[in-house]
Amino acid sequence: KRRGAKVEVESDLMTPYMRVSTREQAESNAGMGAQWRVIDGYANMREWRLTETREDPGCSGKDLNREGLRLALADVREGRSAGIVVAKLDRLSRSTLDFAELLDEALKEGWNLVAIDLGVDLKTSGGRLIARVMASIAEWERDVIGERTKDGLATKREEGVRLGRPRAVSDLVLAEVVDLYYTKRNYAEVARRLNGLGIPPAQGGRKWHPATVRSM
């Protein structure tokens, strides 16, 4: 089914997701067994049925590019499950921004997302409140990152640092391009001339193009 399509699925059917990094595999408090006991106990309390467990053993939580998590997301997106449940938020993601992205999708598409340790549960009023607070924190984090990036670039400019992708041609080639342009006054003609001379193109391309000449 296409993503975004409304799918009828029993609301008590949840997908358990567990993850440990390579280092954490040896630590009992972060192991798969410990996570499963938390998830199973919470599921019994909520009277949920659990689908096949999705796991990412030996994987980092720095991003969402994990096979087990992809399978868990496919479960909810394709109507095999009503939501994803994790024992701890950092098992799902260590990034507030990534978690906020998943929260936003879950709220829009109507599936549940549960992080037991923080009380996030989109099917309870308290859980939704916590989710909204976390989404606000993520928005603040995005704004801060943007401001820091903008301020950093401004500082670099003030210091005379050239920004943007570095020029991948020598000063000699650049001088040749400029001379040809002032002679021909035509980007396409300059590109043909450079190709005819066998001068290596900028940025590792196969040949010179009018747009390349114009950008230089």
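# Strands, salt bridges and surface patches

From the N terminus on, the elements of the protein run β-α-β-β-α-β-α-α-β-β-α-α-α-α. The model is a predicted one.

Trainee: How many helices and strands does the secondary structure come to?

Mentor: The order of elements, from the N terminus on, is β-α-β-β-α-β-α-α-β-β-α-α-α-α. The secondary structure then comes to eight helices and six strands.

Trainee: What share of the residues of the protein counts as buried?

Mentor: Buried means under 20% relative accessible area. The protein has 216 residues. The share that counts as buried is 36%.

Trainee: How many residues of E1 are buried?

Mentor: Strand E1 covers residues 13–20. Leu 13, Thr 15, Tyr 17 and Arg 19 are buried on one side. Met 14, Pro 16, Met 18 and Val 20 are buried on the other. The number buried in E1 is eight of eight.

Trainee: Why do neighbours along a strand fall on opposite faces?

Mentor: Look at E4, residues 83–86. Gly 83 and Val 85 are on one side, Ile 84 and Val 86 on the other, all of them buried.

Trainee: Which residue in E4 stands opposite Pro 16?

Mentor: E1 and E4 run parallel and are joined by three bridges. Thr 15 stands opposite Ile 84. For Pro 16, the residue opposite in E4 is Val 85.

Trainee: In E5, which residue is the bridge partner of Gly 83?

Mentor: Gly 83 lies in strand E4. E4 pairs with strand E5, residues 112–115, in the parallel sense over four bridges. The bridge partner of Gly 83 in E5 is Asn 112.

Trainee: Is Gly 83 buried or exposed?

Mentor: The cut-off for buried is under 20% relative accessible area. Gly 83 has 0% relative accessibility, so Gly 83 counts as buried.

Trainee: In E3, what is the bridge partner of Val 20?

Mentor: E1 pairs with E2, residues 49–50, in the parallel sense over two bridges. There, Met 14 has Leu 50 as its bridge partner. Four bridges join E1 to strand E3, residues 54–57, also running parallel. In E3, the bridge partner of Val 20 is Pro 57.

Trainee: How many residues apart in sequence are the parts that Asp 12 and Arg 49 tie together?

Mentor: The two side chains meet in a salt bridge at 3.3 Å, N to O. Asp 12 lies in the segment before E1 and Arg 49 in strand E2, so the pair ties together parts of the chain. Asp 12 is partly exposed at 24% relative accessible area, and Arg 49 is partly exposed at 37%. The separation in sequence is 37 residues.

Trainee: Arg 77 forms a salt bridge with Glu 105. Is Glu 105 buried or exposed?

Mentor: The closest N and O atoms of the pair are 2.7 Å apart. Arg 77 is in helix H2 and Glu 105 in helix H4, 28 residues apart. Arg 77, at 25% relative accessibility, counts as partly exposed. At 8%, Glu 105 counts as buried.

Trainee: In which helix do Lys 108 and Asp 104 both lie?

Mentor: They form a salt bridge, with the closest N and O atoms 3.1 Å apart. Lys 108 is exposed at 56% relative accessibility, and Asp 104 is partly exposed at 37%. The two are four residues apart, about one turn of the helix. That helix is H4.

Trainee: What is the phi of Glu 47?

Mentor: Most residues other than glycine have a negative phi. Glu 47 is not a glycine, yet its phi is positive. The residue sits in the loop between helix H1 and E2, exposed at 65% relative accessible area.

Trainee: Which residues gather in a patch of negative charge on the surface?

Mentor: One of them, Glu 147, has its place in helix H5, residues 125–158. The residues in the patch are Glu 139, Asp 143, Glu 147 and Asp 151.

Trainee: How much accessible area does the nonpolar patch have together?

Mentor: Leu 129, Val 133, Ile 137 and Trp 140 form the patch. Trp 140 lies in helix H5 and is exposed at 55% relative accessible area. Together the patch has about 410 Å².

Notes. Residues are numbered from 1 along each chain as its sequence is written. This is a predicted model: local features need pLDDT of at least 70, side-chain atom pairs count only at pLDDT 80 or more; totals for chains, interfaces and linings use all residues. Side-chain values use heavy atoms; hydrogens and water are left out. Patches are made of residues with over 30% relative accessible area and no salt bridge: like charges are joined within 9 Å, nonpolar side chains (Val, Leu, Ile, Met, Phe, Trp, Tyr) within 5 Å. Accessible areas come from the Shrake-Rupley method with a 1.4 Å probe; for residues, only the protein chains shown count as cover. A salt bridge is a side-chain nitrogen of Lys or Arg within 4 Å of a carboxyl oxygen of Asp or Glu. Lys and Arg count as positive and Asp and Glu as negative; His and the chain ends are not counted. The place of a charge is taken as NZ of Lys, CZ of Arg, CG of Asp or CD of Glu. Buried means under 20% relative accessible area, exposed over 50%, partly exposed in between (1.4 Å probe, protein chains only). Two strands pair if DSSP finds at least two bridges between them.
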